[in-house]
Amino acid sequence: MIHKYKLNDKFILLDINSGGVFKIDEITYDILDHYPEKDRNTVTKLLQSKYKVLDIGQSIDEIDTLISSDELFSEQESITYDFKNNTSIKAMCLHVSHDCNIRCKYCFASQGNFQGEKLLMDEETGKAAIDFLIYNSIGRRNLEIDFFGGEPLLNFALIKKLVNYARDKEVQHNKNFRFTITTNALLLNDENIEYINDNMDNVVLSIDGRKETNDNMRYTINNQGTYDIIIDNLKNLVNKRGDKDYYLRGTFTKFNLDFSNDVLHLADCGFDKISVEPVVAKPDMDYALCKEDLPKLFDEYEKLSIQYLKRKKDNPFNFFHFNIDLDHGPCLYKRVSGCGAGNDYIAITPLGDIYPCHQFVGDEKFKLGSLETGIINKDIKDQFYKANLVEKTKCTDCWAKYYCGGGCLANAYNTNLDILSPDEVGCELEKKRLECAIMIQTEQ
Amino acid sequence: MKHIIKINKGTLNNLEKKGCGECQTSCQSACKTSCTVGNQKCENK
C-alpha cells in the first residue's frame, strides 16, 4: 500500500507497510496514479502529452528499483494481536482528585467529579495503586504514573507521599518510575513549581490558547476566565523547568475553528512545547466538531505547518502532533496495539476503582474492577485487548493506520458506541496532522 | 535517483527483537484524548 499527497508545493510518497517516506517530483506523482497497475507502455501513452517520454521512463525505472528492493509496495508483515507483553500494565492514570477548582464546558469529567461524589484519594489507596502497578507489570521496567484529576494539585500532599513511596519501591523491584502531572495551573506557586520541576518527568499544563478562546471554555466557579490567573504561573514553571519535558495542552472546539492562532499565540508567549487538540465530545454538544468543519480545520493544520517551518530557524517551537520520528519511532507491535487502554494502561479512581482509561472513568459498565478485587471484568478487558488494528476493519485499508494506531477508543465510543469503530472526524483530522508532520520532516 | 528522494528507509516490517513494551504509553505523553503512536520514541536500546 502507498499513499501520496501534495502539501506546501511538495509531492510526498509513503510506503505504508515499511514506513518508508520519499519526496517525489510531479511526474512520479502522476505516474503513480496508473503504475504499476497499468504497464509501462500504457502509462507512457497516457502521460506523454504532459511529460517527456525519457523522463517518464526514468521515473518508472526508479519506481521499479524501489519495488524490487521491497521499499515500495512492500509486503504486509503478518501480525497477530497476541503481542509480547501487551497485557502487562505499564502506565497508570492516577485520579488523586475527583474535585476541581475550575469549570470547563467540555470537561469529560463532569466538572471534575466524573459523575460521582467530589473525592480526594487517600494515602492507603494511592499506595495500593502503586503496589498494584508494580505487581502487574511483569516484564516491564519503565512504569508511568500520571497524577490526574479533577485537579491533582488539590491533593498535592498525597502526590508528594506517593512519589516518595514509588521511589522507595522502584529499586527493590527493578522498576523505573516516570511521573507526569496534568494540571490546570491555577494553584501553581513557587513551592509546588519547585517540587514539580524536581520530581515530574513531564508536566501537562492546560490552557486553550488566546485569552478569549480559553476564557470561553475554562473559567472559575465564579465565572471568571482562567487565562489571566494562570498565564504567569505557566511562565514561572516553564522558565524554571530547564530542559525537562512539559506541554502546554489545549483543546480546540467548534468555537475556535481557527485554532492555529491559538497555537501561535502560545508560541508567541514564549512557550516552546505545545499540544492543542480536537475536543472529544458527543456529537450533540454545541462545541463538538463535525464533518462540515473539516475543510476549515484542514486549512488550519496546513497553515500551522507552514508557519512551523518558517519559525524553525529563528523562533522554533514544538507542536506535539507534528512530532514524528521517522527513524526511531515505535515498532509495528506498538503501532498495531494502539493506546493500550484497559491492558497496558489503566485509570484508578480516588476510591480505587479501575477503568480502562481516564476517559471511561465514571461509566460503570466499563469498570474493570478495583484495587481490592483486581481486574475481574474480563469481558471489558477482552474487548479493549481486541481494540487494535487487527480487529478494526475500518483501519485495514487506511494509509495512516501505523502512524495513528487506531485512534482514541473513547472518541470511537462517544461517536459510534463501539470502541472498534473509530470516529470519522477524528480520523480525518489525524490524517491531515500526519500529512503535515511528515511534510515537515521532509523539509529538515 | 533523479525523480525520487528517499527521506527514510522504512523498517517497520523488520520485527526482529521488537515488541519489548518499554516505550511510553501514548496517552501519557501529552494528549490524554487523541491517540497517535507514531510520534512516540522506541526505547528498545
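This report walks through the interface between chain A and chain B in a predicted model.

## Ground rules

Local features need pLDDT of at least 70 and side-chain atom pairs count only at pLDDT 80 or more, while totals for chains, interfaces and linings use all residues. Residues are numbered from 1 along each chain as its sequence is written, chains are lettered from A in the order in which they are written, and side-chain values use heavy atoms, with hydrogens and water left out.

## Extent of the interface

Chain A brings 80 residues to the contact and chain B brings 40 residues (heavy atoms within 4.5 Å). Between them the two chains bury about 5100 Å², 52% of it on carbon and sulfur atoms; buried area is the accessible area (1.4 Å probe) lost on putting the two parts together, summed over both. On the chain A side, A:E62, A:F320 and A:K334 lose the most area to chain B, together 11% of what that side buries.

## Salt bridges

There are 4 salt bridges between chain A and chain B (a side-chain nitrogen of Lys or Arg within 4 Å of a carboxyl oxygen of Asp or Glu). A:E71 forms a salt bridge with B:K6, with the closest N and O atoms 2.8 Å apart.

Strand β3 (residues 20–24) of chain A pairs with strand β1 (residues 4–8) of chain B in the antiparallel sense over 4 bridges; strands are DSSP runs (E, at least two residues), numbered from the N terminus, and pairing requires at least two DSSP bridges between them. B:K6, in β1(B), is the bridge partner of A:F22.
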